[in-house]
2 protein chains.
Amino acid sequence: MPTETKIETQYSIGDFAKAVGLTAPTLRYYETEGLIETHRLANGRRYYEEADINWVKFLLHLKGTGMSISELKQYVIWRAAGDDTIPERLDLLKKVKADFLVQFDEVQHHLQILNDKINWYEEKEAGVTKDPESFRAYLDRFGHHE
Amino acid sequence: MPTETKIETQYSIGDFAKAVGLTAPTLRYYETEGLIETHRLANGRRYYEEADINWVKFLLHLKGTGMSISELKQYVIWRAAGDDTIPERLDLLKKVKADFLVQFDEVQHHLQILNDKINWYEEKEAGVTKDPESFRAYLDRFGHHE
DNA sequence: ATATTACTTAAAGTGTACTTTAAGTCAATA
DNA sequence: TATTGACTTAAAGTACACTTTAAGTAATAT
């Protein structure tokens with residue numbers, strides 16, 4: 001069996017930024033915050049590999065669930081400390097999830113009211129009701145409150 | 001039929017703040033931003049009525065869908081200008097809704113990845129897999145990507 | 001009556017997450 | 001070879017949405 005030399009694609013910071021949908025300054029900022037470890041060429045320039053794309057994309061998913069930079073930093077610190085910190089990481093992610101679900105419910109309620117208002121305006125514009133119904137009364141009709 | 005004198009409950013800014021879940025400084029800030037019109041007692045102090053509670057809660061619903069203070073301000077300006085601006089308000093709310101729905105989909109995907117990671121950690125912790133499976137491989141098993 | 005609390009304004013400060021600038025080095029293209 | 005473009009760092013600046021401070025007046029509670 002021949003020995004395969006794996007040739008990893010190397011990305012400059014600009015190309016990597018495009019690949020993950022961020023800007024080069026943001027990547028440098030994340031690096032100073034300890035979220036990303038960067039590799040350096042002999043001339044001092046940063047480079048990134050395929051695996052780094054997965055890592056950054058995963059970080060962005062966590063970020064998208066509401067994790068702050070400092071929470072991500074804590075997560076990264078625990079991750080670097082090895083498998084002993086899996087319970088801590090799990091607790092953190094579960095807390096993030098619980099917070100997320102609360103927000104998620106709230107935001108769905110906000111959407112319901114927004115939808116109701118849009119529908120109310122459309123009915124009003126169409127002149128469906130001659131005697132105009134208040135938005136409150138309109139909400140009441142659907143049992144939508146607060 | 002006797003003439004009914006409607007006695008509107010009057011709230012001080014502190015009580016009103018509690019009623020809507022904000023702080024007094026935030027209410028003053030919203031007032032300077034033109035989101036809230038305040039009534040004043042003879043002594044210069046602000047007071048609020050029941051109807052103001054509905055208005056602030058409605059604003060907070062719109063805010064919760066992602067509208068910025070300046071978008072809310074624009075909405076309020078149009079509202080004050082009367083029914084002629086209903087098309088503008090409708091356009092704004094529809095744009096807000098469209099943006100919201102994009103975000104909503106994204107955020108659900110973020111949740112999926114978060115959930116997958118939590119499950120992956122739990123399986124890892126339980127020692128279900130002897131030969132540890134990478135998170136990428138785990139995601140692949142469920143068809144969860146990016 | 002006095003002390004505490006709530007209100008008033010204007011202005012300055014805070015936190016988060018970047019973004020931009022400045023000054024310089026180095027690599028790639030015409 | 002010249003010049004354009006991409007990179008480097010450190011530090012300052014920005015946007016948003018409040019929050020806090022300061023200095024003062026007025027209402028409420030003991």
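I take a polar contact to be a pair of N or O atoms within 3.5 Å. With that cut-off I went through this predicted model.

**Entry 1, base contact.** I looked for a contact to a base of DNA strand C.

I then checked the phosphate oxygens of DNA strand C. Ser12(B) places a polar side-chain atom 2.8 Å from one. Ile69(A) uses a backbone N or O atom instead, at 3.3 Å from a phosphate oxygen.

I listed the residues around DNA strand C and found 18, of which Thr26(A), Tyr30(A), Lys63(A), Ser12(B) and Arg46(B) come nearest. Helix α2(A) gives the most to it, four residues. Both α2 (24–32) of chain A and α1 (13–20) of chain B supply at least two residues each.

I superposed chain B on chain A. A turn of 180° with a shift of 0.0 Å along the axis gives an RMSD of 0.0 Å. The copies are therefore related as by a two-fold rotation axis. In chain B, Phe104(B) comes closest to this axis, its C-alpha being at 4.5 Å. I also compared the interface residues: 100% of those in chain B are interface residues in chain A too, so the copies meet through the same surface.

I counted 17 salt bridges over all chains.

- Asp99(A) and Lys95(A) pair at 3.7 Å, N to O. They are four residues apart in helix α5 (residues 86–125) of chain A, which means a separation of about one helical turn. Both partners are partly exposed, Asp99(A) with a relative accessible area of 40% and Lys95(A) with 39%.
- Arg40(B) and Glu31(B) have their closest N and O atoms 3.6 Å apart. Arg40(B) is partly exposed at 43% relative accessible area.
- Lys73(B) and Glu33(B) have their closest N and O atoms 2.9 Å apart. This pair links distant parts of the chain, 40 residues apart: Lys73(B) is in helix α4 (residues 69–80) of chain B, and Glu33(B) is in the loop between α2 (24–32) and β1 (39–40). Lys73(B) is partly exposed at 29%, as is Glu33(B) at 21%.

I ended with shared partners in chain A. Salt bridges join Glu31(A), Arg40(A) and Arg46(A) into one network.

How values were computed: Residues numbered from 1 in each chain as written. Chains lettered and ligands numbered in written order. Predicted model: local features only at pLDDT ≥ 70, side-chain atom pairs only at ≥ 80, totals over all residues. Heavy atoms only, no water. Near = heavy atom within 4 Å. Polar contact = N/O pair within 3.5 Å; in protein donor to acceptor, adjacent residues only side chain to side chain. Least-squares fit on C-alpha atoms with pLDDT ≥ 70 in both. Contact = heavy atoms within 4.5 Å. Salt bridge = Lys/Arg side-chain N within 4 Å of Asp/Glu carboxyl O. Buried < 20%, exposed > 50% of the residue type's maximum accessible area, 1.4 Å probe, protein only.
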